[in-house]
Amino acid sequence: MPTLSRGQSDASGPEPHRHRQTAESFGVDAERYDRARPPYPEALVDRIVAASPGPRVLDVGAGTGIEARQFRAAGCTVLGVEPDERMAAFARRGGIEVEVARFEDWQPAGRRFDAVVAGTAWHWVDPVAGAAKAAQVLRPGGRLAPFHHVPQLPAEVADALTEALRRVAPDSPFNPGLLKGPAVDAYQPLFERIADGIRQTGRFSEPEQWRFAWERVYTREEWLDQLPTFGGLTQLPADRLAEVLDSAGAAIDLLGGHATMPYTSVVITSTRSGTD
């Protein structure tokens, strides 16, 4: 999940891709990440595949291979690029080919792709340099399609997390308060920054947004299993993380031991122009 800081309420706010320590911290528990993070809607994967000119997919920030496995199941050939060797090693165990590099620095060696995707990872990529690299590796008519999960937390859970983080990690980039209202609106500045990066290359069609709404019911245990995988919590010392989890768990207990969370998965997408 993208993690906007408390000051990031407009397009001039802090840029997540500059926070490299957080961006490359998720491999601290790759097994938990893969187990707890939700997959993407099948309709999202199917629409990207249908709108791409062929089956060769480059997955940027491939992580443990969650979305790569989904695109492979949809008939695609997938290559992942991932900066964290621990995450890449996990993905390889699932049969995904992964090369370790920051996408901006990755060397494609002349390879071309029909689609460049990124599952809740493009905010860790420089929006201009990343789009330029995507234009370099996409064939004409190829599709750039980074996408993000945006969950809407129950107010009780968001408030409990916000209060706990104020106590134990006041400088954390994770701001749960943004996710208890219309969370997609809170993330529009991030999506606009991605779209602006695509526009600045001059090599893509006008970016579109595709949205896919769904929901998931979490048990207390399932939600507390996922929380430590969020940026801003991955680096907390164990005692501080335990305090955050205790607060979130108590809020879910008050909701009856489970929480229904609406999600919107948002795709920012454009096609590569030109004839080369």
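Contact is taken here to mean heavy atoms within 4.5 Å, axes are lines fitted to C-alpha atoms, for helices over the stretch in contact, and angles run from 0 to 180 degrees between N-to-C directions. The structure is a predicted model, in which local features need pLDDT of at least 70 and side-chain atom pairs count only at pLDDT 80 or more, while totals for chains, interfaces and linings use all residues. Residues are numbered from 1 along each chain as its sequence is written, and side-chain values use heavy atoms, with hydrogens and water left out.

The protein chain contains 11 helices and 7 strands, assigned as DSSP runs numbered from the N terminus (helices H or I, at least four residues; strands E, at least two). Of its 276 residues, 57% are buried, where buried means under 20% relative accessible area, exposed over 50%, and partly exposed in between (1.4 Å probe, protein chains only). Among contacts with a separation of 6 or more, 79% are between residues 24 or more positions apart. The accessible surface amounts to about 11,000 Å², with 50% belonging to carbon and sulfur atoms; these areas come from the Shrake-Rupley method with a 1.4 Å probe, and for residues only the protein chains shown count as cover.

The 7 strands form an open sheet of mixed pairing in the order 3-2-1-4-5-7-6, two strands being paired if DSSP finds at least two bridges between them. Strand 3 and strand 6 (208–219) are the edge strands, each pairing on one side only, and the twist averages 20° from one strand to the next. Strand 1 (residues 56–60) and strand 4 (residues 113–119) run parallel and are joined by 3 bridges, with Ala115 in strand 4 as the bridge partner of Val57. Helix 3 (residues 42–50) lies across strand 4, strand 5, strand 6 and strand 7 (258–271), and runs at about 155° to strand 6.

Val98 is located in strand 3 (residues 97–100) and, at 6% relative accessibility, counts as buried. Apart from residues up to four places away in sequence, Val98 touches Leu79, Gly80, Val81, Glu82, Ala88, Ala91 and Arg92, whereas the C-alpha atoms of Val98 and Glu85, which are 13 residues apart along the chain, are separated by 9.3 Å. His148, in strand 5 (residues 138–151), is buried with a relative accessible area of 0%, and its side chain is joined to that of His123 by a polar contact of 3.1 Å, that is, a pair of N or O atoms within 3.5 Å, of which, within protein, one must be able to donate a hydrogen and the other to accept it, residues adjacent in sequence counting only if both atoms are side-chain atoms.
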